Amino acid sequence: MSRIGKKPVAIPAGVTASIGEGTLSVKGPKGELSMPMSELISYEIKDEGVSVQPANKSKEARAFWGMQRTLVQNLVTGVTEGFTKVLEITGVGYRATAQGKVLKLQLGYSHDVNFDVPEGIEIKTPDNTTVEISGIDKQKVGQVAAEIRRWRKPEPYKGKGIKYRGEYIFRKEGKKK
């Protein structure tokens, strides 16, 4: 049995959840999110929150159970608090500036990289070497962070590049004399 799936997802005050036409919708102070419901899982909205249970005794249904509960939790967290990823840029001359709906990156190429910010995502640059990506959809925030990081992954010799805050870069040893 899934330890995660057993617990219902608590719905805080100011948040409403509804089930309709194969989708679960959650509306809160930051916006509205919805996800398609799996046929292997049964969803119920009760007083204590959204309850997720396997629809049958199949192995697939039990495997999906905990993941579907976590996806529902991500919807509720997204419309109440939102999600944030922070990228740090390391390297001489590497900079980032947010200009409206475009993130301008200078990453050592012969040209600047202009990254168009997708709908529903907000990007801030508190300083030249920090990029804060925030939004209500956890998957979209993580995807945008990964796409920005892909332009210059951290290299193992000097650690130059774009990394997530708190990420450890395994550094290779240099030549010994």
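Accessible areas here come from the Shrake-Rupley method with a 1.4 Å probe, and for residues only the protein chains shown count as cover. On that basis the chain exposes about 11,100 Å². Carbon and sulfur atoms supply 50% of that area.

This is a predicted model, in which local features need pLDDT of at least 70, side-chain atom pairs count only at pLDDT 80 or more, and totals for chains, interfaces and linings use all residues. Residues are numbered from 1 along each chain as its sequence is written, and side-chain values use heavy atoms, with hydrogens and water left out.

**Confidence**

pLDDT is the predictor's confidence in each residue, from 0 to 100. Its mean over the chain is 92. Of the residues, 98% reach 70 or more. Among the elements, helix α1 (residues 3-6) has the lowest mean, 85. Strand β11 (residues 130-135) has the highest, 97. Where pLDDT is low, the predicted coordinates should not be read in detail.

**Overall form**

The chain holds three helices and 12 strands. Both kinds of element are DSSP runs numbered from the N terminus: helices are H or I with at least four residues, strands are E with at least two. The radius of gyration is 21 Å, whereas a compact globule of 177 residues would have one near 16 Å. That radius is taken over C-alpha atoms, and the globule rule is 2.2 Å times the number of residues to the power 0.38. Along the principal axes, the C-alpha atoms fill a box of roughly 65 × 45 × 25 Å.

Buried residues make up 34% of the 177. Buried means under 20% relative accessible area, exposed over 50%, and partly exposed in between (1.4 Å probe, protein chains only). A contact means heavy atoms within 4.5 Å. Of the contacts between residues at least 6 apart in sequence, 50% join residues at least 24 apart.

The chain carries 30 positive and 20 negative charges, and their mean positions are 10 Å apart. Lys and Arg count as positive, Asp and Glu as negative; His and the chain ends are not counted. Each charge is placed at NZ of Lys, CZ of Arg, CG of Asp or CD of Glu.

**Selected residues**

| Residue | Relative accessible area | Class |
|---|---|---|
| Glutamate 21 | 85% | exposed |
| Glutamate 32 | 47% | partly exposed |
| Serine 134 | 19% | buried |
| Arginine 149 | 16% | buried |
| Phenylalanine 170 | 62% | exposed |

Glutamate 21 sits in the loop between β1 (16-20) and β2 (23-28). Its phi is near 50°, a positive value in a residue other than glycine. Most residues other than glycine have a negative phi.

Glutamate 32 belongs to strand β3 (residues 31-36). Beyond residues up to four places away in sequence, it touches Ser25, Val26, Lys27, Val79 and Ile136. Lysine 104 is 72 residues from glutamate 32 in sequence and 29 Å from it in space, C-alpha to C-alpha.

Serine 134 is part of strand β11. Leaving aside neighbours within four places in sequence, serine 134 contacts Phe83, Thr84, Gly120, Ile121, Glu122 and Val141.

Arginine 149 lies in helix α3 (residues 138-149). With neighbours within four places again set aside, the partners of arginine 149 are Pro154, Ile162, Lys163, Tyr164 and Glu167.

Phenylalanine 170 falls in the segment after β12 (161-164). Its C-alpha atom is separated by 20 Å from that of threonine 129, 41 residues away along the chain.
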